[in-house]
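Here is a short report for a first look.

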Amino acid sequence: MTIFASVIIILLSMLITASLQLVPGTFSCFYHYALGKTSSKKAGDRSLSFVLGTEIFVSFIWILLLITLSFLDPIVDIYSAPVFLITSGIIFAEAAAFLLFYFRRSNCTSLFISRKIAATLQTRARKASSRSDAIAIGFFAGLPELIFTLPLYFISAVILLNTPSIPCVPIIVFYIIFATLPLFTIHIAYHNDQNLASITRFRTKLKPFIRIIIPIIYATIALLAIILGVSNHG
Amino acid sequence: MDDKTLKSLRSDLKLHARALSIPSGAADDFINETIKSVQKSLNKKSTITSADLTRLVVKNLKKYNADFAYVYENRDTII
């Protein structure tokens with residue numbers, strides 16, 4: 001039961017990380033501006049650099065968490081009921097915050113981040129002129145969304161460090177690739193003659209569904225975390 | 001509309017048109033007609049907000065290409 005709950009928590013965390021909209025939104029703008037300034041081949045190359053930047057960011061968060069938790073583990077018992085219960089409380093709060101605040105009230109896909117940060121991302125996406133710029137934007141685009149993803153990374157890292165039967169490295173690699181799957185989907189869409197308008201209209205249509213389903217997934221993770229916490233205490 | 005704003009608007013529209021794979025000749029026609037119509041509408045006004053300018057541009061772009069108008073209208077609300 002605990003192994004089953006642990007695996008489901010990690011899989012659902014991956015699903016939420018892949019479903020959040022800030023990085024795909026920034027990526028679709030970035031690709032659009034790249035197409036406006038260069039050939040489609042160069043735009044495609046730069047977009048893959050953006051994806052690499054995002055993967056580097058996710059890897060960085062994982063490495064940071066694993067190192068921190070490895071240091072903390074001898075001092076504080078991280079695989080304990082209080083840690084799971086506190087984390088599940090935070091995840092429940094995130095579910096409510098997502099439902100209420102994640103998408104701004106607009107006809108498009110504007111998000112909770114301040115308009116200044118959104119404008120900065122938009123400007124950087126527009127001005128990017130090299131692969132290193134693309135990697136940098138890909139890396140930093142995920143930063144404002146850490147508020148919604150950090151507890152998920154945390155609980156997945158705690159589970160992986162303390163469940164030897166779940167293979168750590170393959171799961172982390174799969175997590176990193178899964179988190180960037182939407183970007184590959186957008187990349188393929190642009191290659192198939194879709195444009196920013198059709199992609200944004202699709203994302204706008206998907207908005208009500210995401211607004212409902214993600215809080216449900218957050219709540220499920222929180223409940224499973226409570227079950228894990230209680231079963232540890234038992 | 002001053003020259004700086006006009007130049008910036010024209011380059012912005014050209015960038016979006018190119019990104020949307022609108023043929024350059026057609027794009028130039030759309031942009032020129034749009035800017036002409038916008039300037040005509042602005043003839044009697046001394047000041048205008050950027051939101052009003054966007055609305056005028058979008059209203060005219062919609063006659064030529066729906067995707068072009070959509071992208072220009074929502075360029076600040078995608079992220």
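How many residues does helix H3 of chain A have, and how far does it reach from its first C-alpha to its last? Helix H3 (residues 40–72) has 33 residues and reaches 48 Å, close to the 48 Å expected at 1.5 Å a residue. The expected span is 1.5 Å times one less than the number of residues. Helices are DSSP runs (H or I, at least four residues), numbered from the N terminus.

This is a predicted model: local features need pLDDT of at least 70, side-chain atom pairs count only at pLDDT 80 or more, and totals for chains, interfaces and linings use all residues. Residues are numbered from 1 along each chain as its sequence is written, while chains are lettered from A and ligands numbered from 1 in the order in which they are written.

Buried residues of H3(A) include A:Phe50, A:Val51 and A:Phe57. Buried means 20 or more other C-beta atoms within 10 Å of the residue's own, with C-beta atoms placed from the backbone. The buried residues of H3(A) pack against these helices of chain A, among them H2:

| Helix | Residues |
|---|---|
| H6(A) | 131–141 |
| H7(A) | 146–162 |
| H8(A) | 168–179 |
| H9(A) | 181–191 |

A:Phe30 touches A:Ser47 and A:Phe50, among others, not counting residues up to four places away in sequence.

Now the interface. 22 residues of chain A are in contact (C-beta atoms, placed from the backbone, within 7 Å) with 14 residues of chain B. The largest share of chain A's side, 10 residues, comes from H2(A).

Note on methods. Contact = placed C-beta atoms within 7 Å. Helix = DSSP H or I, 4+ residues; strand = E, 2+ residues; numbered from the N terminus. Buried ≥ 20, exposed ≤ 12 C-beta atoms within 10 Å, placed from the backbone.
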